[in-house]
Amino acid sequence: VTFQRTDPLYVLDISNLDAPRTLGELEIPGFSDYLHPVQPGWLLGVGYDANDAGQTQGVKIALFDVRDPSAPALADSVSLEAGSRQSTAWDYHAIATLAQDDGSLRVTLPIYSHEQDGNRLLMLEVSEGAIQERGALRANSDYWWSAQRSVITQERSFYFTDNAQYYAPWGEPGSLAALN
């Protein structure tokens, strides 16, 4: 990745490790810190949006369609408020996923935003071609640099941050309930 104003996404053929080939390329504003395979031919990117001058904006979650390696495409994206932060660049354990029987993927990602009163756990559902926000669960913490983890079950999301544990039913926005 050579982020200046855009972040090119390259699709590579590495079937011959002595002669890798670029099959396709997509340029979009911003950059991805973390890439996660969703389903065959789909890739989730977590990073930051950027303006035309290359200035970083807020967190951006992008869904890339790479089913045609010669023509990768941005299928959908969610951009959060300017100044928001996420930690997948240095802590890939920050993101949690849970595959569903219908082929969709549940995703939780800790987000920090001064504008949104500190930390929250963003809940997303990713299905072929779309990202849907399912809620944001707020924690009583404003330390964005602390280790944050989440666990997803069929019924609940659990959020662990700053020596506190919280939970809520999956996809319900609002405040988290503290665990004893």
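These questions and answers concern the salt bridges of a predicted model.

User: How many salt bridges does the count come to?
Analyst: Side chains of opposite charge can pair when their charged atoms come close. Here a pair counts when a side-chain nitrogen of Lys or Arg is within 4 Å of a carboxyl oxygen of Asp or Glu. By this rule, the number of salt bridges is 6.

User: Which parts of the chain does the salt bridge between aspartate 91 and arginine 149 tie together?
Analyst: The closest N and O atoms of aspartate 91 and arginine 149 are 2.7 Å apart. Arginine 149 lies in strand β11 and aspartate 91 in a loop, so the pair joins parts that are 58 residues apart in sequence. The parts are strand β11 (residues 148-152) and the loop between β6 (73-79) and β7 (96-99).

User: In the salt bridge between arginine 134 and glutamate 125, which residue counts as buried?
Analyst: The closest N and O atoms of this pair are 3.4 Å apart. Arginine 134 has 32% relative accessibility and so counts as partly exposed. At 15%, the buried residue is glutamate 125.

User: Which residue meets arginine 21 in a salt bridge?
Analyst: Arginine 21 is partly exposed, with a relative accessible area of 49%. Its side chain meets a partner at 3.0 Å, N to O. That partner is aspartate 13.

User: Which residues are linked in a network of salt bridges?
Analyst: One arginine, Arg67, belongs to this network. The linked residues are Asp65, Arg67 and Glu128.

Note on methods
Residues numbered from 1 in each chain as written. Predicted model: local features only at pLDDT ≥ 70, side-chain atom pairs only at ≥ 80, totals over all residues. Heavy atoms only, no water. Buried < 20%, exposed > 50% of the residue type's maximum accessible area, 1.4 Å probe, protein only. Helix = DSSP H or I, 4+ residues; strand = E, 2+ residues; numbered from the N terminus.
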